[in-house]
Amino acid sequence: MKLYELAEAYRSIEALMQEEGDGWEKALDDTREEIGVKLVNIAKLVREIEAEGKAYQAEANRMTAHFQSAVNRVDRLKAYAQTHMEALGLDKVQGDVIGLRLQKGPPQVEVVSEGLIPSNFIRGTIIRPLNELPEELQTEAIRAVDKRAILDVLKSGASVPGTEVVQRKHLRIV
């Protein structure tokens, strides 16, 4: 019998108990026992599924570690190849099926000395409720250099103290 059927039987036995005077006690006890067995089996199933879930999580962690290891190996091998290509002055190497080339990345701003950067290129963030903001906002602010604004100024030909434009190369496998 299914659990919902047992619950219905239990309720009907309780109703019978109120109408008749004998025979219902044994039926009620038997139904209670069956319901108990079903509920204990459900609890066992829950534990089994929890254990299965833990096994899946352990396997996922193991696979994630293998994935990260593979990513790290790829990064090291690409850095190794790039270092030697740069040392030999090679921008491109072509094999039968696959090739390597050094490609320039987009220009980036590198902060040389944050203290020299004009304040109009420093952005501040305050993480507090508005009704708690003190008047001295700048001392509470999380400061960050606005590299995008600096890059726009540097591209136009002007200079920003404390910064420089760098254009790094990265290895492409084609």
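Modeller: With a 1.4 Å probe and protein chains only, a residue is buried under 20% relative accessible area, exposed over 50% and partly exposed in between. The model is predicted, so local features need pLDDT of at least 70 and side-chain atom pairs pLDDT 80 or more, while totals for chains, interfaces and linings use all residues. Residues are numbered from 1 along each chain as its sequence is written, and side-chain values use heavy atoms, without hydrogens and water.

Biologist: In what order do the elements of the chain run from the N terminus on?

Modeller: Helices (H or I, at least four residues) and strands (E, at least two) are DSSP runs, numbered from the N terminus. The chain has 4 helices and 7 strands. Read from the N terminus on, these elements give the order α-α-β-β-β-β-α-β-α-β-β.

Biologist: Is Leu39 buried, exposed or partly exposed?

Modeller: Leu39 sits in helix α2. Because its relative accessible area is 44%, Leu39 is classed as partly exposed.

Biologist: Which class of accessibility does Lys92 fall into?

Modeller: Lys92 belongs to strand β1, which covers residues 92-94. With a relative accessibility of 59%, Lys92 therefore counts as exposed.

Biologist: With which residues is Leu90 in contact, leaving aside its neighbours within four places in sequence?

Modeller: Leu90 lies in the loop between α2, which spans 24-88, and β1, and it is partly exposed, at 33% relative accessible area. The C-alpha atom of Leu90 is separated by 9.7 Å from that of Leu100, a residue 10 residues apart along the chain. Counting a contact as heavy atoms within 4.5 Å, and setting aside neighbours within four places in sequence, Leu90 touches Met85 and Leu102.

Biologist: Is Asp146 buried or exposed?

Modeller: Asp146 is placed in the loop between β5 (142-145) and α4 (147-155). Leaving aside neighbours within four places in sequence, Asp146 is in contact with Phe121 and Arg123. Its relative accessible area is 19%, which means that Asp146 is buried.
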